[in-house]
Amino acid sequence: MEEFHPTAGKPAKGSDIPPVSYLKWYIPRLKEMRPHNLSFSGLQFPWELETIEGIWKEHRGPGVDDREMVSEIYGVEPENVHLCHGATQAINIAIAAASRGGKVAVEMPSYGPLSQSARILGLETIVVRRKPTNTAWIIDREEWEEVLSKVDLLMICPQLNPVGWSYTKEDRAWIIDKCKKYDVRIISDEVYSGADKDWIPMFREGENCISISSLTKIHGLGQLRYGWMIASKEIIANAENTFHNMAGIMSSPVIRIANQVKDRLNEPVELIEHYRKMNLPLLQESLDRLGIEWTPPPYGVFGAFKIPGINTMEMIDTIGKEHGLLAVPGSMFDSGLEEWLRVGWSIDPDSFSEAVVVLEQVISQAMNIT
Ligand SMILES: Cc1ncc(COP(=O)(O)O)c(C=O)c1O
């Protein structure tokens with residue numbers, strides 16, 4: 001059977017480059033415009049922007065530093081910030097800037113580019129896993145320590161896709177401690193962290209830690225391709241050299257639009273809280289009726305649960321399609337998650353309540369068949 005989750009292994013060039021299979025599965029289904037769409041991992045925010053005069057014109061001039069917005073958000077100096085076109089590009093730039101040529105530990109389940117890009121950049125990857133529990137997934141410390149002792153870079157996504165939960169406090173502290181011990185740099189993809197008001201960005205844990213984020217998920221501006229990395233000045237200087245070689249310079253329209261929305265960045269975060277209040281109880285009640293155990297993550301716009309005995313990809317491609325429902329199967333993120341389904345609640349409460357009714361019908365029909 002065809003597999004859709006990311007893969008680890010040797011450096012990969014040409015036809016060995018692994019696909020982001022998830023996108024190959026997802027994009028055609030997204031284009032079907034199914035009426036009940038619970039597949040979004042980011043907020044759907046109804047941005048309406050005023051016309052921006054001369055948006056396409058070169059924005060640079062005396063006293064302009066593109067990095068100001070991000071440096072203010074995090075309270076760091078501009079020399080600790082590098083801007084990129086989206087978090088996905090920041091992942092590549094950060095690997096090139098922080099690698100010292102050794103192997104790379106990659107966390108699974110995962111967003112494909114986070115765990116696969118290192119291979120395209122000529123590095124070998126080794127998987128470390130977070131394992132299911134009813135709340136925050138946990139790491140197998142023995143497995144992680146063995147791998148960390150062999151690598152010089154670790155790729156993580158604290159707010160884990162597809163479940164939305166971050167590390168336990170103890171696991172986070174353990175990882176930071178062991179990475180210091182083994183001189184491992186950490187690249188932390190924090191695109192979902194803006195919805196967790198208690199989140200402490202990883203770069204604050206030491207010069208070996210890099211945080212990556214963007215305006216895509218929490219601010220609903222994926223189309224903009226505005227992302228960033230924050231790290232020590234030394235790593236950021238490497239990032240700048242990498243970016244100039246591989247990407248050139250930032251696009252002026254992107255910078256202008258980001259400046260236009262910068263004073264409104266709290267609005268999407270507030271909308272997420274509203275959606276959580278309205279939508280989560282409906283989902284929780286529906287899963288209770290189905291006898292599916294689930295504890296929602298305390299922040300964010302999506303979660304995932306296990307539907308015992310059901311292959312969720314088959315379910316979405318058959319009964320789901322018939323009912324006009326789209327949600328994302330766990331098999332997109334790692335092996336062993338075939339019975340998991342990711343559901344997003346970042347849509348307006350009317351659409352969400354209709355979609356949850358359909359989700360319940362689809363799951364109960366699938367359960368009755370098996
Ligand atoms: C963990 C993670 N990082 C990054 C991205 C994409 O971010 P961007 O649009 O800023 O490249 C995604 C999108 O699904 C994601 O799940």
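Modeller: What follows goes through the sheet, then a helix lying across it, and ends with a pair of helices. The model is a predicted one.

The sheet is open and is formed by 8 strands, in the order E2-E9-E8-E7-E6-E3-E4-E5, with mixed pairing. Strand E2, residues 81-84, and strand E5, residues 138-139, stand at the edges. Each of these two has a single partner strand, so one side of each is left without a neighbour in the sheet.

E2 and E9 run antiparallel and are joined by 4 bridges. Within this pairing, valine 81 is placed opposite isoleucine 230 of E9.

Strand E9 covers residues 227-230, and a loop lies between this strand and helix H7, which covers residues 233-246. Serine 232 is found in that loop. Is serine 232 buried or exposed? Its relative accessible area is 7%, and because buried means under 20%, serine 232 counts as buried. Apart from neighbours within four places in sequence, serine 232 is in contact with Asn80 and Glu207.

H7 lies across E2, strand E7 (185-189), strand E8 (209-214) and E9. The helix runs at about 25° to E2.

Next, strand E4, which is made up of residues 125-131 and holds isoleucine 126. Which residues does isoleucine 126 touch, not counting residues up to four places away in sequence? They are Lys103, Val104, Ala105, Val106, Val147 and Val151. Lysine 169 is 43 residues apart from isoleucine 126 along the chain, and the C-alpha atoms of the two are separated by 24 Å.

Last, the helix pair. Two packed helices are described by the angle between their axes and by the distance between the axes. Helix H10 (residues 312-322) and helix H11 (residues 349-369) pack at an angle of about 125°, and their axes are 10 Å apart. That angle makes H10 oblique to H11. The crossing of H10 past H11 is right-handed. On the H10 side the contact is made by Met315, Ile319, Gly320 and Glu322; on the H11 side, by Val362, Ile363, Gln365, Ala366 and Ile369. By type, the residues of this contact divide into 6 nonpolar, 2 polar and 1 charged.

Technical notes
Residues are numbered from 1 along each chain as its sequence is written. This is a predicted model: local features need pLDDT of at least 70, side-chain atom pairs count only at pLDDT 80 or more; totals for chains, interfaces and linings use all residues. Side-chain values use heavy atoms; hydrogens and water are left out. Buried means under 20% relative accessible area, exposed over 50%, partly exposed in between (1.4 Å probe, protein chains only). Contact means heavy atoms within 4.5 Å. Axes are lines fitted to C-alpha atoms, for helices over the stretch in contact, and angles run from 0 to 180 degrees between N-to-C directions. Angles under 35 degrees count as roughly parallel, over 145 as roughly antiparallel, 65 to 115 as roughly perpendicular and the rest as oblique. A crossing is left-handed if the near helix is turned anticlockwise from the far one by less than a right angle, and right-handed if clockwise. Ala, Val, Leu, Ile, Met, Phe, Trp, Tyr, Cys and Pro count as nonpolar, Asp, Glu, Lys and Arg as charged, and the others, Gly among them, as polar. Two strands pair if DSSP finds at least two bridges between them.
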